[in-house]
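Please walk me through this two-chain model. Take confidence, helix packing, sheets and the interface in turn.

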Amino acid sequence: MIRPRIALGIRAQLLLVLTVFLAIPWLGYEYVRELERFLRDAQERTLAGTAQAVATALHDRSGLFDVLETPLETLPSERASDDVAARPNTAVDTLASPEIAQILHGLSRTTARIWVVDREQHVLARAGSLKRPEPGSAGGAADTSRVGAWLDREVLQPLYAKVLQQPTEDFSDERAGRTVAAGKDLEGALAGILTIDRRPSADGKAIIVSAAHPIWVGDEVKGAVIVEETTNAVLAERNRAFARLFNIVLAALLVGSVALTLYASWLSSRIRRLRDEAEAAIDARGRVRRPLTGSNAGDEIGDLSRSFGSALARLTEYASYQEAMASRLSHELRTPIAVVRSSVDNLALQQLPADARIYIERAQQGLSRLANIITRITEATRLEEGLAEAEGERFDLARVIAGCVDGYRAAYPAQVFELQVPSGEVPYFGAPELIAQMLDKLCANAVEFATPGTPIVVALKREETGFRLSVGNEGPTLPPTMQGRLFDSMVSVREKRGDGEPHLGLGLYIVRLIAEFHGGRATAANRADVQGVTVSVVLPLVRAVR
Amino acid sequence: MSRRIAIVEDEPAIRGNYADVLRKQGYEVAAYGNRADALAAFRTRLPDLAVVDIGLGDDIDGGFALCRELRALSATVPIIFLSARDSDFDIVAGLRLGADDYLTKDVSLPHLVARIAALFRRADLLAAPQASEEILERGPLSLDLKRLTAHWAGNRVDLTLTEFWMVHALARFPGHVKDRDSLMRDAKIVVDDSTITSHIKRIRKKFLALDRKFDCIETVYGMGYRWNPAEG
């Protein structure tokens, strides 16, 4: 019996547990974000440091700011669409002050853009660019395997691109061409305070961090140095760290889940094998068919299989004890009965007064009833023994059944028997005396339950694969709870009746044994036409090999 | 000189009862409770007939061993197994060891006495020269009702008493169906139906061993058995 109720196998359960590890990428993401914050702080500090350094170079050099230049429109302007890669970062735009430009020139080897602005916010000089050359694709992760590379390129990178903000050099740099600078940072610096600002580019594609430092000439703020940079470098670093981390976690998860799945498959296959063995070991009637071969494994499943095995062994012992019980019981009873019988017989041979004879007669009647019970008890056991040696032969099934029914008509004169057999010979391979014994039991049963005056129908019908022998009677129907157990040993639906005949519930059990010997099956059902019961035995033509 | 019957039976009450009834019949009875005592006594003096139980106390198959040993001492002493065991296996095993009959303890004392008397008669007449004849002839079958022996086409059929009485009951009225009850009555046994079936099977086998075309005992299903006169 396989119960299809297993909703979630061990494998599925383990994989479900594995989802806990999906928290690891999230933890990694949090860690990388922390790293990003740290990098940003460092970036801001660096920018502030650079601004301070430039400003320090320009402090107290009032001459630099005295000259006022105006021709702004002649200066080249930088546009967002420019081919930034072609333009060297070190280029210094000299807007108004060549001297300052010269100083800046020495400092412009950074990824930052440096402005020098006077008090009127006129740009005096500018160096560097916000836009960095795009990193070449060849600089990607050094994946040795092509599958790994493909996976990285085609699956993971697009995925990361969706999850993470990607740095781009394609943003609008609205300050680039200005000759008049403005902004919170500048305002702060002109007020004499080192100011750090963070603002999105005009189109929002990049974040620009800037630091502005005032330039002092004496006690007066003469101008300011602005150093600005995009956060792209930080973003790129963060993304790279995240991708690396995620790749590792993914690989670990993949390997882990494959290993766990294999392990779970192994476990569940062992358990399934144990289940199949346990189910095969016991047949539908609860008999132990064959012992369980306990596994040698030292773990809990091996333990379970061994305890299953020993439980089955004990069950076998108990079953054989139970089976031997009937014959042992009858054997043990026979001796005391023989004592009583021989004593009574001895007594009967004595010269006894006539009124004593009646007691001897009663004792002998009681003894023969007792002997009858014992014979019935052993009948099933003897039949089981006999079946092992019974041989089949070809015979006419219809003739055997008709003969038996003739016998019943003589044995039960008050009972009407209706016989329905196919005309002509019905050849069958089996044990005729067993068939007769089976019919005896069926008819004895039917006679007992039949409503007086109603016929018992004994019918033999051809079916596709064999014959159906049925005995039907009118009378009380079967209690529904008994349907499946009628053919078990020692099961009886009879009410107690004081007619002296023992009811051991072995009749239909014998029917079943004989039906099964012929490879057939016995069933009982309530009749549809009238109130009553029909017991049928299917006798297949091809006998099961025994 | 009265005949000497040995009873080997471990249950004292049964042993006593059997001994009493046989003594009343005029037999001399020697009763033994175990195999060793019985064998020692047999070695000294052979009984004229032995009634042996199979299980002798802890000696589960002691009766079988005793039967073998007694047969070794004498080929002719009639031996009856009287046991609570009624499986076909035990019956066949007992008869193979050379017992003349196998009875279960369901047998009544009068039946037992009749059987013992019949066995003595058979033993006597087998030893005596051909005297008066009381023969039942049915074609190739001839039953000597005095000696309780059966012949088929001149060959001796080695039947036990039970089997002989069954064959006699059937062959007396050829064509008439004998039901199981009357067969039991005639054979002076009380057994269940399946034991009758195995008795009939054994009888058929014994005849078939002599004549492969033997087909005289017909099973009439639901009724019993019938002796059909042999053709030809």
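This is a predicted model: local features need pLDDT of at least 70, side-chain atom pairs count only at pLDDT 80 or more; totals for chains, interfaces and linings use all residues.

Chain A as a whole averages a pLDDT of 77, with 82% of the residues scoring at least 70.

For chain B the average pLDDT is 85, and 94% of the residues score at least 70. Within chain B, confidence is highest in strand S1 (residues 4–8), at 94, and lowest in helix H7 (residues 180–187) of chain B, at a mean of 81. The model has an ipTM of 0.77 and a pTM of 0.55.

Helix packing in chain A comes next. Two packed helices are described by the angle between their axes and the distance between the axes. Helix H2 (residues 23–58) of chain A packs against helix H7 (residues 232–281) of chain A at an angle of about 160 degrees, the axes being 9 Å apart. Because of that angle, H2(A) is roughly antiparallel to H7(A). The crossing of H2(A) past H7(A) is right-handed. On the H2(A) side, the residues that meet H7(A) include Ile24(A), Val32(A), Leu35(A) and Leu39(A); on the H7(A) side, Val234(A), Ala241(A), Phe242(A) and Leu245(A) are among them.

The contact of H11(A) with H12(A) divides into 10 nonpolar residues, 3 polar and 1 charged.

Chain A has an open sheet of 5 strands in the order S8-S10-S11-S13-S12, with mixed pairing. Its edge strands are S8 (417–420) and S12 (521–526) of chain A, each of which pairs on one side only. From one strand to the next, the twist averages 15 degrees. Helix H12 (residues 507–517) of chain A packs on this sheet, where it touches S12 and strand S13 (532–540) of chain A; the direction of H12(A) makes about 135 degrees with that of S12(A). Inside the sheet, strands S10 (residues 456–463) and S11 (residues 466–474) of chain A run antiparallel and are joined by 7 bridges. In this pair, Glu463(A) stands opposite Gly466(A) of S11(A).

Chain B has a helix pair to consider as well. The axes of helix H2 (residues 35–44) and helix H3 (residues 62–73) of chain B come within 10 Å and cross at roughly 10 degrees. H2(B) is therefore roughly parallel to H3(B). Ala38(B), Leu39(B) and Phe42(B) are among the residues of H2(B) that meet H3(B), whose own residues include Ala65(B), Leu66(B) and Leu70(B). The contact of H2(B) with H3(B) comprises 7 nonpolar, 1 polar and 2 charged residues.

Chain B also has an open sheet of 3 strands, ordered S10-S12-S11, with antiparallel pairing. Strands S10 (177–179) and S11 (217–220) of chain B each have a single partner strand, so one side of each is left without a neighbour in the sheet. The twist averages 35 degrees from one strand to the next. Helix H6 (residues 161–172) of chain B packs on the sheet and touches S10, S11 and S12 of chain B.

The two chains meet through 28 residues of chain A and 25 residues of chain B. On the chain A side, helices H8 (300–349), H9 (354–389), H10 (397–411) and H11 (432–449) each supply at least two residues. H8(A) gives the largest share of that side, 11 residues.

Key: Residues are numbered from 1 along each chain as its sequence is written. Chains are lettered from A and ligands numbered from 1 in the order in which they are written. Axes are lines fitted to C-alpha atoms, for helices over the stretch in contact, and angles run from 0 to 180 degrees between N-to-C directions. Helices (H or I, at least four residues) and strands (E, at least two) are DSSP runs, numbered from the N terminus. Angles under 35 degrees count as roughly parallel, over 145 as roughly antiparallel, 65 to 115 as roughly perpendicular and the rest as oblique. A crossing is left-handed if the near helix is turned anticlockwise from the far one by less than a right angle, and right-handed if clockwise. Two residues are in contact if their C-beta atoms, placed from the backbone, lie within 7 Å. Two strands pair if DSSP finds at least two bridges between them. Ala, Val, Leu, Ile, Met, Phe, Trp, Tyr, Cys and Pro count as nonpolar, Asp, Glu, Lys and Arg as charged, and the others, Gly among them, as polar. pLDDT is the predictor's confidence in each residue, from 0 to 100.
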